[in-house]
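I opened the model today to look up a few things and write them down. The entries follow in the order I checked them.

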Amino acid sequence: MNPIHVIGGGLAGSEAAWQIARQGIPVVVHEMRPVRKTDAHQGEGLAELVCSNSFRSDDSEQNAVGLLHHELRRSGSLIMSCADANQVPAGSALAVDRNGFSDAVTKALENHPLITVTREEISGLPPEDWDSVIVATGPLTSPALSEAVLERCGEDALAFFDAIAPIVHFESVDLSKAWFQSRYDKVGPGGTGKDYLNCPMDKEQYDAFIDALIEGDTTDFKEWEENTPYFDGCLPIEVMAARGRETLRHGPMKPMGLTNAHNPDVKAYAVVQLRQDNALGTLYNMVGFQTKLKYGAQGDIFKMIPGLENAQFARLGGLHRNTFLNSPKVLDGSLRLKAEPRLRFAGQITGCEGYVESASVGCMTGLFAAKERLGQSFESPPETTAMGALLGHITGGHIARDTEQGSPRSFQPMNVNFGLFPPIEAPKTDADGKRLKGKDKTRAKKGAMTQRAKQDFEGWISSLEPRLAAE
């Protein structure tokens with residue numbers, strides 16, 4: 001049997017290769033690092049996490065990304081099994097030791113008898129005799145391959161900037177000012193309810209910090225980068241500050257659900273949170289602090305944060321350009337390039353955003369390619385599931401035109417969220433017949449949506465193959 005080729009060894013490519021091999025089909029994974037490095041990656045391992053180390057909420061009953069975790073685990077996901085094996089405390093979220101996670105994925109793929117990992121850059125379109133190819137090159141697709149694909153499909157690329165948050169050495173944090181607590185004391189996978197380091201600010205400190213952010217020196221853009229829009233889900237902190245002085249207090253620096261252990265009677269005006277970044281607990285990343293500030297400015301400004309006056313940084317923040325396809329126009333319902341169906345796409349290059357979303361698109365693409373190679377019929381996951389909802393956005397769920405202005409609207413990356421799911425009739429009363437209102441009504445609606453999704457996903461995954469469904 002001819003192998004299926006996967007170009008790119010990130011989360012999507014790794015998951016796609018794993019799913020194909022589980023179907024008994026040989027796979028060749030082509031990863032260009034270390035032959036060609038990127039601006040964001042630091043190592044050579046597969047599935048390297050270049051931004052946060054969080055897979056976000058693990059709550060499959062009330063959160064869309066937690067539901068995606070459930071569906072991936074149900075699919076026998078390599079990414080989720082390695083994440084679970086390398087988790088670090090993070091409240092109600094699932095966060096991982098980034099090095100341990102990458103090492104586990106790399107070892108699993110390199111040791112699989114049906115998977116071959118080659119270190120080489122694929123320049124331009126792959127050879128014609130590669131009759132089934134998955135392009136999972138992510139937001140950092142090499143220029144040569146990106147230009148060839150875009151020329152072939154006849155569409156201009158869309159791009160956005162993605163910023164990386166700084167990482168701090170734990171021993172340099174002043175624990176007489178910072179304290180451990182998860183927001184609302186939530187206990188997540190492997191957590192204790194005290195999984196974040198919290199640094200409080202009063203109003204005077206917050207105002208001075210905002211002024212410094214707005215006035216801070218930022219990186220210069222190259223000419224080709226100047227008109228690239230940001231993705232709203234990963235805005236640099238100084239851009240958020242410039243949008244309004246209170247923006248950060250209602251975003252990554254919100255003080256709600258936190259009580260200063262050193263001064264419990266005084267409510268903080270704003271709080272900076274740091275999350276454990278490795279299993280040893282020696283590194284913590286600054287949650288939501290993606291930035292394009294120059295390194296010198298970062299050191300000066302971030303040391304204004306109480307508790308971080310003497311902070312030592314293992315990595316400062318950075319910025320890179322992300323590229324993705326106009327997927328609703330160029331991809332079909334099974335993620336094939338309409339102009340050349342032997343090519344499928346997976347991961348962030350398709351217009352999904354987030355680690356778990358990338359892995360889930362890799363999972364679907366791998367299953368689609370495997371079933372096609374085996375000559376078996378297959379269907380997309382129901383739109384009522386998290387995977388199906390995300391696939392619907394990628395292949396056709398965008399708004400093509402602004403109805404009020406009559407102008408075209410661009411396709412934008414999207415995290416999985418309940419807004420992508422078909423509506424559902426939520427329960428109006430609780431078990432005692434009491435009418436549901438407010439937050440209780442919202443929780444009931446989300447619960448109904450996730451229950452429907454799990455039931456529909458179970459039917460879909462069970463229909464693919466008895467062996468796959470049983471694992």
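How many disulfides does the count come to? I took a disulfide as a pair of cysteine sulfur atoms within 2.5 Å, and by this rule the count is 0.

Note on the source: this is a predicted model, where local features need pLDDT of at least 70 and side-chain atom pairs count only at pLDDT 80 or more, while totals for chains, interfaces and linings use all residues. Residues are numbered from 1 along each chain as its sequence is written, and side-chain values use heavy atoms, with hydrogens and water left out.

Cys82 has 7% relative accessibility, so it counts as buried (under 20% relative accessible area; exposed is over 50%, partly exposed in between; 1.4 Å probe, protein chains only). Cys352 is buried too, at 1%.

Then I turned to helix α2, residues 64–74 (helices are DSSP runs of H or I, at least four residues, numbered from the N terminus). Of its 11 residues, 9 are buried, so the rest of the structure largely encloses it. Among the buried ones I noted His69, Glu71 and Arg74.

I checked both ends of α2. Asn63 caps the N-terminal end, with a side-chain oxygen 2.9 Å from the backbone nitrogen of Val65. After α2 comes Gly76, with a positive phi near 75°.

Last, I looked at α2 against helix α12, residues 438–464. Their axes (lines fitted to C-alpha atoms over the stretch in contact, angles from 0 to 180 degrees between N-to-C directions) come within 11 Å and cross at roughly 20°. That makes the two helices roughly parallel (angles under 35 degrees). On the α2 side, Leu67, His70, Glu71 and Arg74 make the contact (heavy atoms within 4.5 Å).

Key
A polar contact is a pair of N or O atoms within 3.5 Å; within protein, one must be able to donate a hydrogen and the other to accept it, and residues adjacent in sequence count only if both atoms are side-chain atoms. Angles under 35 degrees count as roughly parallel, over 145 as roughly antiparallel, 65 to 115 as roughly perpendicular and the rest as oblique.
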